[in-house]
Each structure stands twice: as structure tokens, then as C-alpha cells.
Amino acid sequence: MKPINQLTSIVTPLDRVNVDTDQIIPKQFLKRIERTGFGNYLFYSWRFKEDGTPNPSFILNNPLYDGSEVLVASHNFGCGSSREHAPWALLDYGFKVIIAPSFADIFYNNCVKNGILPIRLNEENVNHLIKQSTEHQKKIFINLKEQFVQYDSEEKFTFDIDPYWKEMLLNGWDEIALTFQFEEQIAAFEKNMLNMRG
């Protein structure tokens with residue numbers, strides 16, 4: 001995983017509530033065995049028409065938001081199934097931060113385990129971000145270490161995050177990499193156990 005500390009990006013607004021994991025990555029695309037390539041199918045049913053051509057009314061098909069790394073959505077983002085493919089698709093597409101008033105718990109945990117920073121802001125602030133970035137292309141600055149979001153160099157919102165997840169994201173660790181931080185202690189424990197048996 002790549003570390004996340006500070007990030008400046010265009011904001012992509014997704015003004016929809018209860019976006020579930022099947023809308024994020026439809027079930028027919030879950031047959032891949034790699035974690036990569038899912039970005040091509042992100043929000044597939046909304047991005048494309050039935051004939052496979054891009055839907056010009058969907059926000060991701062607007063060139064104003066090309067290269068965006070921050071998605072802002074409404075309540076209960078990532079609800080539905082527990083599929084880990086949803087954060088894989090978001091990350092593979094290029095999103096590193098998701099901002100919403102609330103997330104499904106399993107989705108939130110899957111995000112941080114895969115290197116995406118999910119930020120909970122209150123509904124008023126999220127609605128403000130969605131409105132402003134829908135009307136005009138807007139940039140946002142995110143500082144994980146100091147836990148704030150700054151918008152247009154004027155609006156500044158703080159956010160909470162569990163210290164455990166914060167450390168993992170700041171260092172770019174997944175749970176296996178975190179285990180390696182205790183390699184010396186693990187080796188010492190194993191040696192001690194062998195001595196006790198021998």
C-alpha cells in the first residue's frame with residue numbers, strides 16, 4: 001500500500017445516498033482473481049448505457065473530474081454486501097479518499113485495509129462540498145496527520161480517525177506489513193518457546 005499523508009485533488013461529487021457495493025462494482029465483474037483492473041467497471045451501471053457507450057450525464061464521464069482522487073458522497077456509502085472488491089475498484093480507478101457523512105462499517109474497514117482514507121464529515125459540510133464541486137471544478141486539501149480537510153483555502157473541517165487505522169495509512173501498511181513491525185519480538189518469542197521445549 002502507498003502511504004497517505006497530504007493530498008490535494010479535484011473533488012468528484014456523487015450526490016447519492018445508500019450507494020451499495022453492487023452499484024460500486026456489479027457482481028458480474030467479480031470473477032477476476034487479481035486486485036487490479038476493477039476500476040474499469042466502477043459504477044458500471046451508471047457510467048455506461050445498455051449498449052456499452054458512456055453515459056454523458058454521469059459525473060465520472062465529465063472531463064472536468066479527470067484525475068480526481070477524492071470522491072464525496074452522501075449517507076451510508078458502501079452499504080450492502082461485504083465485498084472487498086468495492087474498495088479495490090475505487091482505488092484502481094484512482095480514488096484515494098472517500099468523504100461522506102456515514103459509511104457501512106465493513107466497507108469502512110475494507111477501505112483502510114486497502115489504502116483508502118474514508119473521512120466522515122457532518123451532513124452540512126458534505127452537502128456544501130457536493131454543491132460547490134458540482135457547480136464548479138474545486139480542489140480540496142487533505143492532511144491525515146493533522147486530521148483536517150481544507151476547501152478552497154477557506155473552509156477547514158476536522159475529522160476523526162482511529163489511531164490504529166491512521167498509523168497504517170500514514171505508513172502504507174496493510175495488516176501483514178504491520179505484523180512485520182514486530183518481527184524481532186516474534187523471533188524472540190519463537191526462540192523462547194523452542195528453548196522451553198528443548
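## Cysteines and model basis

The structure holds zero disulfides, a disulfide being a pair of cysteine sulfur atoms within 2.5 Å. Cys-79 counts as buried at 13% relative accessibility, and Cys-111 is buried with a relative accessible area of 0%. Here buried means under 20% relative accessible area, exposed over 50%, and partly exposed in between (1.4 Å probe, protein chains only).

The model is predicted: local features need pLDDT of at least 70 and side-chain atom pairs count only at pLDDT 80 or more, while totals for chains, interfaces and linings use all residues. Residues are numbered from 1 along each chain as its sequence is written, and side-chain values use heavy atoms, with hydrogens and water left out.

## Overall composition

The secondary structure of the protein comes to eight helices and seven strands. Helices (H or I, at least four residues) and strands (E, at least two) are DSSP runs, numbered from the N terminus.

Of the 198 residues of the protein, 44% count as buried. Among contacts between residues at least 6 apart in sequence, 66% join residues at least 24 apart; contact means heavy atoms within 4.5 Å.

## The sheet

An open sheet of seven strands, with mixed pairing, has the order S4-S3-S2-S1-S5-S6-S7. Strand S4 (117-120) and strand S7 (155-158) stand at the edges with a single partner strand each, so one side of each is left without a neighbour in the sheet. Neighbouring strands of this sheet are turned by 25° against each other on average, direction ignored. For such angles, axes are lines fitted to C-alpha atoms, for helices over the stretch in contact, and angles run from 0 to 180 degrees between N-to-C directions. Two strands pair if DSSP finds at least two bridges between them.

Strand S1 (residues 6-14) takes part in two of the pairings described here. With S2, S1 pairs in the parallel sense over four bridges, and Pro-13 stands opposite Val-72 in S2. With S5, S1 runs antiparallel and is joined by five bridges; the bridge partner of Ser-9 in S5 is Ile-140.

S2 and strand S3 (residues 97-100) pair in the parallel sense over three bridges, and Leu-71 stands opposite Ile-98 in S3. From S2 the chain crosses through helix H3 (residues 85-93) to S3, and this β-α-β crossover is right-handed; that is, with the strands pointing away from the viewer, the path from the first strand over the helix to the second runs clockwise.

The buried residues of H3 are His-85, Ala-86, Pro-87, Trp-88, Ala-89 and Leu-90. Their cover includes helix H1 (21-24), S2, S3 and helix H4 (105-113). Just after H3, Gly-94 takes a positive phi of about 130°.

## Nonpolar core

The largest nonpolar core has 56 residues, of which Leu-14, Phe-43, Phe-77, Leu-90, Ile-99 and Leu-117 touch the most other members. Such a core is a set of buried Ala, Val, Leu, Ile, Met, Phe, Trp, Tyr and Cys residues joined through side-chain atoms within 4.5 Å. Leaving aside neighbours within four places in sequence, Phe-43 is in contact with residues including Leu-14, Phe-58, Phe-77 and Leu-90.

Ala-100 lies in strand S3 and is buried, with a relative accessible area of 0%. Beyond four places in sequence, the contacts of Ala-100 include Ala-73, Phe-77, Ile-119 and Val-126. Ala-100 and His-75 are 25 residues apart in sequence and 6.2 Å apart in space, C-alpha to C-alpha.

## Loop residues

Asn-18, in the loop between S1 and H1, has a positive phi near 55° and is a residue other than glycine. Asn-18 counts as partly exposed at 40% relative accessibility. Gln-147, in the loop between S5 and strand S6 (148-151), has a positive phi of about 60° although it is not a glycine. Gln-147 is buried, with a relative accessible area of 17%.

Lys-138 is found in the loop between helix H5 (123-135) and strand S5 (139-143), and counts as buried at 17% relative accessibility. Not counting residues up to four places away in sequence, Lys-138 touches Ser-9, Ile-10, Val-11, Gln-132, Ser-133, Tyr-151 and Asp-152.
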